[in-house]
Each structure stands twice: as structure tokens, then as C-alpha cells.
Amino acid sequence: MESAINLESVYITDLVGVFILVLLLVTQGWKVPTRKTESRILLGLIISSIVNCLVDLMVFALDGKPGNEHYTALMLGNTYLYLYMMIIGIGIIYFVVKHIDHKTQGIHIILFWILLVIEAGLLIVNFFEPIVFRIDEYNRYQRGYYYILFVILAYVMMLYGCLYYFVNKFRIPTLRYFPVYQFILPILIGNSVQMLHYGISLIPLSFVISFMFMASSLQNEYIRLDKLTGVYNRFELDKSMMVRKFRYKETIAVIMLNLNDFKTINQKFSHDEGDRALIDFANILTDTVGNEGIVVRFSGDEFCIFIRKANRINLNEYKNRLRAKIDIYNQTSGKPYKLSAAIGGKFFDLSHDNGDDLLRQVDALMRVDKAQYYAELEQAVEK
């Protein structure tokens, strides 16, 4: 019986996949110091994918070869390939959720366990009753009735990951450097093509491409985001200003903020508490700005807000919004200190305003506000 499997194609795609993954492993392209949990998840996915490529190569090479030892290898090998689909599906969703929320909610844990029990249970039953796949009397692999369930669950998990990303992208603008669809799309395409054309092996290579995108996204974020607070860094501010100056030539609003008495928080409550105060302050700014612009940690306890379509806002009202958010935080945080910030802001036309001059002007306005704060504080102490 002539095999429909193109072994040469399988060997090439699987070995190329192994080579790329080992290269990614050795060069530590998966590792980002500020994203330790995501890095570990990605490392686990890469290692399991190297095994997957080698097992995939083995089962295609042994398909149709007689002998009980080959039958056993084919049963175990194909079981691992199905198990891998479950590992990857859950692993990628866990990776996405952890990256976006920095934690895993109970509903996701329940979802993961349900999927694990369903798919693992089917694979165990398959050893006794071939419902997922079978190895026939010629030691040839054949898909079973429940094969499609694994495919459907894989699609559902991938699409859920994309949906979760797009919903949260409106809440967290920095996610634009973490394009989930870019590393889910190759998997969906690879699965679809291989499902329709048995005998070729595209799924392992599609996962390799996906992991390259995932590693690239983590590294891309690492370059552009502040390591402590998660908002943009100065590099991203300079880039955004230059892009808008030469492409859009629009009027923007720039607001600079500096925490008052931040040194006191560090000295009285520890530098760790000072770091937590910076993180909380960055979250306040991010929640206030939303999709209207970007928040940048300029330096130390100084932050800069870069607002697009500034003709739609009233600058004084925007400052009051920021102060109101800070007041709400102080009332609800339970911290032994209160946050307050000096704020300076101004409109600029990027078609002719210089970026460095822009920041100096806003910084000067912020320092005027800070001087007023300390003057009022000193008067209150004298009374």
C-alpha cells in the first residue's frame, strides 16, 4: 500500500523547526528579566515543541512499518502529539492572560482544568478504544471520530486568546507591542492546512513561527517599557514625538507630573514602598489617560503624559481629573502616606515645535506648581 506521506517534506520541516527552537533556546531569546513568569512559560513551550518536532518526525517515519515495537512507538508518539496540542493551547492562553493581567483569575484556572480533564481523559480511553485515533493492522495512523474535538478546542482557545487581547487592548494601550494575533495566526493556518492535507507536517513549524513572534514581542516590550511601572519609557516618548512630528503634524498636549515628598516615602517607609508608590501612581495615570494618549516614566518620580487630539480637551479640566484620581487613591489605598503631584502642562504643535524645548517648557511649568505646593505647605506649618 503506497503511503500518502511526503517523508522528505516532513523531515525538512521538523528538523528546521528543531534547529530554530534550539537556536532560540541557546541564545536565550525567550528570556526577559522583567517578565520572568512569561519567560518560563515560553521556555516550557519551546522545550515541549522540540520534543514535538522529534516525535512528529518519528511517527511519520514509522508509519506503516510492521512490528509490535513500531505499533507501541506509534501509539505513544501520536498520543504525545495530541497531548502537545493540549499543552500548547493551555500554555499560550496562560501566557496571554498572565502577561496582560499579571495574574491568573480563578475562571481561567477552572477553564484550564476542564480542558485538561476532557482531553487527557479521551487520550487515556483511546488506549482501550480508538476514539481519537487508531493504528490499523498495517501500523498506519488513522484519525478517529473525536479527532475533530481536539481541533475545535484548539481553535476555541486560540480565538479566545485573540478576543481577550483585543478587549484588553482598549484598556492597556501598551499591548500594541504584544500583538497576540501575530503568534496565534500561524498556528491556526498550520492546523487548518494540515487537517485538510494529510501527509504533510506543518503544525510543528507553525508553532516555531509562533514562538519566534512571542519572543520578539517580549523583547520589543522590554525595549520600550519602563521595567518597574510598566508604562512607556523615554525611548518610546522620543520615538512617538518624532513620528507624529513628521507624519501627523498635529497639536498635542503634554503634561509633566512629579511626586511631591517622594523622598520622604523612601526614607520613612523604605525604598520598596517607594517603588510601590511609583507603580500605583503610574496605574492612576494610565487609568486616567486610557486610550487618549500614552504615559511615560520620564525619570525617577517624574512622569509625562502625551495626549493625542488635544483640541478635544481642556487642559485645566484634565489636570483636575488627575488630581481627583489621586484623591480617590489616597482615600481608598490604606497607605500611611498620601500621594500628591506637581503638574505642568501645555499644548504644542508638532509641525514646528522642537521636542527638547517642549519638554523643558513643560518641566518649567511643573516646577512652578511644585514651588507653590511647598509654599502652601510651609504656610500651613507656620499656622
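Predicted model: local features only at pLDDT ≥ 70, side-chain atom pairs only at ≥ 80, totals over all residues.
Which residue of β6 stands opposite L259? Residues are numbered from 1 along each chain as its sequence is written, and side-chain values use heavy atoms, with hydrogens and water left out.

**View 1. Pairing of strands β3 and β6.** Strand β3 (residues 251–259) and strand β6 (residues 341–349) pair in the antiparallel sense over nine bridges. Strands (E, at least two residues) and helices (H or I, at least four) are DSSP runs, numbered from the N terminus; two strands pair if DSSP finds at least two bridges between them. A341 in β6 is the residue that stands opposite L259. Because eight of the nine residues of β3 are buried, this strand is largely enclosed by the rest of the structure. Buried denotes under 20% relative accessible area, exposed over 50%, and partly exposed in between (1.4 Å probe, protein chains only).

View 2. Six bridges join β3 to β5 (residues 302–307), and the two strands run antiparallel. M256 has C304 of β5 as its bridge partner, and L257 has F303. Strand β4 (residues 293–299) also pairs with β5 in the antiparallel sense, over six bridges, and R297 stands opposite F303. In the hairpin of β4 and β5, two residues lie between the strands, and G300 takes a positive phi near 55°.

**View 3. Side chains of strand β5.** E302, C304 and F306 point one way from β5, whereas F303, I305 and I307 point the other way; all are buried. With six of its six residues buried, β5 is therefore largely enclosed by the rest of the structure.

**View 4. Packing of helices α1 and α7.** Helix α1 (residues 7–26) and helix α7 (residues 203–224) pack at an angle of about 20°, with their axes 8 Å apart. Axes are lines fitted to C-alpha atoms over the stretch in contact, and angles run from 0 to 180 degrees between N-to-C directions. The two helices are therefore roughly parallel to each other (angles under 35 degrees; over 145 is roughly antiparallel, 65 to 115 roughly perpendicular and the rest oblique). The contact (heavy atoms within 4.5 Å) involves T13, D14, V16, G17, I20, L21 and L24 of α1 and P204, L205, V208, F211, M212 and A215 of α7.
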